[in-house]
Amino acid sequence: MHPIISKRTAVELITSSKGKFMTIKNKKRDGSDRSYPSSKYIQPVYGNLNVLTREGTYRNIRPETIYFLKTNGMSYEVA
């Protein structure tokens, strides 16, 4: 079982990651799961989190859809 953190704490961990790799999992609009392994935080865009994926594409993630975060060697469940 992973420690549970709030969405606000997850956003703070992501934005303070200073370019380190992390894994983010979130729910898509249709309810299916999406995973972004080996991603780097770039900047906020219109309230979303802009990350660079390992495939070299940029993705905007809505913070309210995040349910899992792995950063700094720790895995968290986001509630």
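Which strand is Arg34 found in? Arg34 sits in strand β3, residues 33-45. Helices (H or I, at least four residues) and strands (E, at least two) are DSSP runs, numbered from the N terminus.

A word on the model. It is predicted, so local features need pLDDT of at least 70 and side-chain atom pairs count only at pLDDT 80 or more, while totals for chains, interfaces and linings use all residues. Residues are numbered from 1 along each chain as its sequence is written, and side-chain values use heavy atoms, with hydrogens and water left out.

Back to Arg34. Arg34 counts as partly exposed because its relative accessibility is 30%; buried is under 20% relative accessible area, exposed over 50%, partly exposed in between, with a 1.4 Å probe and protein chains only. Beyond its neighbours within four places in sequence, Arg34 is in contact with Ile24, Lys25, Asn26 and Lys28, contact being heavy atoms within 4.5 Å. The C-alpha atoms of Arg34 and Ile24 are 8.4 Å apart.

The largest nonpolar core has 14 residues, and Ile14, Ile24, Ile66 and Leu69 have the most contacts inside it. Such a core is a set of buried Ala, Val, Leu, Ile, Met, Phe, Trp, Tyr and Cys residues joined through side-chain atoms within 4.5 Å. Elements that each supply at least two of its residues include α1 (7-15), β2 (22-27) and β6. Ile66 touches, among others outside its four-place sequence neighbourhood, Ile14, Ile24 and Val78.

Last, Thr71, in strand β6, residues 66-71. Thr71 counts as buried because its relative accessibility is 2%. Not counting residues up to four places away in sequence, Thr71 touches Leu13, Met22 and Tyr76.
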